[in-house]
Amino acid sequence: MQSWQVAAIPALPGRGRPLRLRDTATGEVRATAPGPTAGMYVCGITPYDATHLGHAATYVAFDLVNRQWRDAGHAVHYVQNITDVDDPLLERAAATGVDWQALAAQQVDLFRADMSALNVLPPTDYIGAVESIPDVVDRVQELIARGAVYELDGDLYFAVGSDPEFGSVSGWDRAQMTTVFAERGGDPDRPGKRDPLDCLVWLAARPGEPSWRSALGEGRPGWHIECVAIALGRLGMGFDVQGGGSDLVFPHHEMCASQAQVLEHSWPYARHYVHAGMVGWQGAKMSKSRGNLVFVSRLRADGHDPMAIRLAILAHRYSTDWAWTPQGLTGATERLALWRAACAEGAAPEAGPVIERLRGVLSDDLDTPAALDIVDAWALRTLQPTTNGAAEAPAMMAAAVNALLGVRLEP
């Protein structure tokens, strides 16, 4: 699957600091400790209605992780999937009378355009579920050999009890797991299952639905095993960050971790589980089922600068839930104008100390509200009539804002 392109990250003097991130599994803000190459897997879209502000906030958050690691001197191997065959996509295609493959291709194209406009660095590997089916089949066969998969009316289920660490990502009790599993694509009440929380790894062919011939029979992959096959194939076990929205903590990231840990006979699947908060609108979480979506493409079509959209997202700490408002976008547009005016000056206060303060707050679990305040203060000082400074400072600050925050300040 083809990714997207953005301009290269500007080089900055000095070196960024080690990045600390909140780990869902421990509840602690801990230092990431990548080797020369940091590995990150972020779960991608199911392409039937992209890209709303909830999506954008998640991918901007992990773009910041990517940028801080690179500033600290690491290469980054960033992998993202596209769930380009799944029930929600097939249901939307049937409801609209559009071929499911055409719908997926249209929405993936739109997602690419939105990510490029928002200056989100592209993944190293951008992989679709359909193209990963051979890898999925291989991984399911390995799980069968380990006694971790059983058959039910032609479908294949992963037995969560085969992983002694099941539950360690979310930390939830079974009652909470069962309730949320039913809400998020699971089938805890299906008769014949050994455990209500066991999840599908291979769905036998259904009439009128796409399927593929394989050693497992004709069918298609389950949701969780798709990401496991892609992540293990591209990153291997024990990569640095598994990322996504907080709605993926359970069942998705829990199930992925358990399947991988059984496959590889090791723990953990990922060294950090990092989750972005949910974005609300009109009093509820922004979601397709509620229809309360604000689309990046619509904001762009209405003439809003993508960098203002990005700044509106960055005004909130990535891990917290927050509400989108038109007033927030207005404020972000004004902030963008302030920063651009300051960077257009012929001289400004020295940029080096400001860059180090930015590195400090961003390395501390991506404190973007504090980072925006730091740039605001520099910009206001720059625009004071009596300010003297260095001729190179405006260009250096523009480069730093781009490199560290992903905000382009050229008009």
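Helices (H or I, at least four residues) and strands (E, at least two) are DSSP runs numbered from the N terminus.

I noted that this is a predicted model, where local features need pLDDT of at least 70, side-chain atom pairs count only at pLDDT 80 or more, and totals for chains, interfaces and linings use all residues. Residues are numbered from 1 along each chain as its sequence is written, and side-chain values use heavy atoms, with hydrogens and water left out.

Next I listed buried residues of helix 10, among them Leu-329, Trp-339 and Cys-343. Buried means under 20% relative accessible area, exposed over 50%, partly exposed in between (1.4 Å probe, protein chains only). The buried residues of helix 10 pack against helix 8, helix 9, helix 12 and helix 13 (contact: heavy atoms within 4.5 Å).

Then I searched the whole structure for aromatic pairs and found 10. Rings of Phe, Tyr and Trp (its six-membered ring) pair if their centres lie within 6.5 Å; planes under 30 degrees apart are stacked, over 60 edge-to-face, the rest tilted. Trp-4 and Phe-111 have ring centres 5.7 Å apart and planes at 90°, so the pair is edge-to-face. They lie 107 residues apart, Trp-4 before strand 1 and Phe-111 in helix 3. Trp-4 is buried at 7%, and Phe-111 is buried at 0%.
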